[in-house]
Amino acid sequence: MATGRNHRPATSRSRGIPEATVARLPLYLRALTALSERSVPTVSSEELASAAGVNSAKLRKDFSYLGSYGTRGVGYDVEYLVYQISRELGLTQDWPVVIVGIGNLGAALANYGGFASRGFRVAALIDADPGLSGRPVAGIPVQHTDELEKIISDNGVSIGVIATPAGAAQQVCDRLVAAGVTSILNFAPTVLSVPEGVDVRKVDLSIELQILAFHEQRKAGEEPGAPPGQSPETDTAPPAAPPAVSVAKRPPESGTDGDLPAVMPA
């Protein structure tokens with residue numbers, strides 16, 4: 001079976017597909033896969049857009065980049081779209097992945113059953129703790145970080161997952177990149193510095209929860225910073241203006257990350 005490093009199809013960038021569209025393709029694929037499992041042969045743009053959580057005009061625009069326009073009065077062929085999107089995302093080949101950091105989160109990722117069905121194979125689990133070496137997690141023996149470069153070379157790995165504590169993440173990232181990894185999924189609560197040509201996607205659950213807290217506060221009609229349950233009408237005086245501070249802008253984590261939302265595996 002082809003490996004991710006040796007067999008690369010034309011990328012979405014080279015084909016001129018916008019990054020925002022690329023970010024929605026997995027949503028369409030998940031909805032289409034569910035339809036396929038129910039043996040649904042065709043689907044309208046409205047039905048598929050609703051299942052994916054987008055509007056139908058945006059969906060049709062996204063599919064136009066793939067050269068797929070559907071059939072008026074019939075809709076889209078589900079199986080063909082599954083194949084087409086899978087091919088565009090590079091999921092019709094085998095992508096070996098290494099997970100570095102086998103604590104609670106790393107072990108949970110190793111036990112996630114959705115990787116194999118979506119074109120990814122966990123090739124190795126790596127941790128710095130000698131006590132974990134040889135211990136099986138999800139049926140895969142944990143290997144020590146001393147073997148990281150050899151593991152990446154032997155398995156042709158181009159995608160790495162970092163689930164280490166924040167303090168170790170950059171060093172692990174540097175070693176992954178030096179060994180040939182060109183795409184990184186970062187679960188560590190820190191911003192990674194990577195060279196040109198390396199893509200980083202960051203998953204930060206605390207940030208996602210903070211965003212939800214923001215929306216919950218707005219639903220309750222509360223002013224930012226007000227104690228829970230205190231509405232704007234109960235404030236007797238406006239708060240004093242905070243002192244001015246200088247905030248340095250932080251560069252984006254990678255050249256292609258942009259402002260796309262981080263997501264957990266579906």
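A: Take a charged pair to begin with: Asp94 and Arg121 form a salt bridge through their side chains, at 3.1 Å from N to O. Asp94 sits in the loop between helix H4 (78-88) and strand S3 (95-100), while Arg121 belongs to strand S4 (residues 120-127), so the bridge ties together parts that are 27 residues apart in sequence. Keep in mind that this is a predicted model.

Q: Which relative accessible areas do Arg24 and Asp62 have?
A: Arg24 has a relative accessible area of 17% and is buried. Asp62 is buried as well, with a value of 1%. The cut-off behind both calls is that buried means under 20%.

Q: How should I read a salt bridge inside one helix?
A: Start from the helix geometry. An α-helix has 3.6 residues a turn, so residues three or four places apart point the same way. The case here is Glu216 with Lys219, which form a salt bridge whose closest N and O atoms are 2.8 Å apart. Glu216 and Lys219 are three residues apart in helix H8 (residues 205-219), so about one helical turn separates them. Glu216 is partly exposed, with a relative accessible area of 45%, and Lys219 counts as exposed at 66%.

Q: How many aromatic pairs are there, and how do I tell the geometry of a pair?
A: Read the angle between the ring planes: over 60 degrees counts as edge-to-face. The structure holds three aromatic pairs. For Phe63 and Tyr76 the ring centres are 5.1 Å apart and the planes stand at 85°, so the pair is edge-to-face. Phe63 lies in helix H3 and Tyr76 in strand S2 (residues 76-77), so the pair ties together parts that are 13 residues apart in sequence. Phe63 is buried at 0% relative accessible area, and Tyr76 counts as buried at 5%.

Q: Which residues do ring pairs link into a cluster?
A: Tyr28, Phe63 and Tyr76 are linked in this way.

Q: Which residues of H1 are buried, and what covers them?
A: The buried residues of H1 are Thr21, Val22, Arg24, Leu25, Tyr28, Leu29, Ala31, Leu32 and Leu35. Their cover includes strand S1 (42-43), helix H2 (45-52), H3 and H4.

Q: How do I check the span of H1, and what follows the helix?
A: Compare the end-to-end reach with the expected value. H1 has 19 residues and reaches 28 Å from its first C-alpha to its last, close to the 27 Å expected at 1.5 Å a residue. After H1 comes Ser39, which has a positive phi, near 60°.

Key: Residues are numbered from 1 along each chain as its sequence is written. This is a predicted model: local features need pLDDT of at least 70, side-chain atom pairs count only at pLDDT 80 or more; totals for chains, interfaces and linings use all residues. Side-chain values use heavy atoms; hydrogens and water are left out. Buried means under 20% relative accessible area, exposed over 50%, partly exposed in between (1.4 Å probe, protein chains only). A salt bridge is a side-chain nitrogen of Lys or Arg within 4 Å of a carboxyl oxygen of Asp or Glu. Helices (H or I, at least four residues) and strands (E, at least two) are DSSP runs, numbered from the N terminus. Rings of Phe, Tyr and Trp (its six-membered ring) pair if their centres lie within 6.5 Å; planes under 30 degrees apart count as stacked, over 60 as edge-to-face and the rest as tilted. The expected span of a helix is 1.5 Å times one less than its number of residues. Contact means heavy atoms within 4.5 Å.
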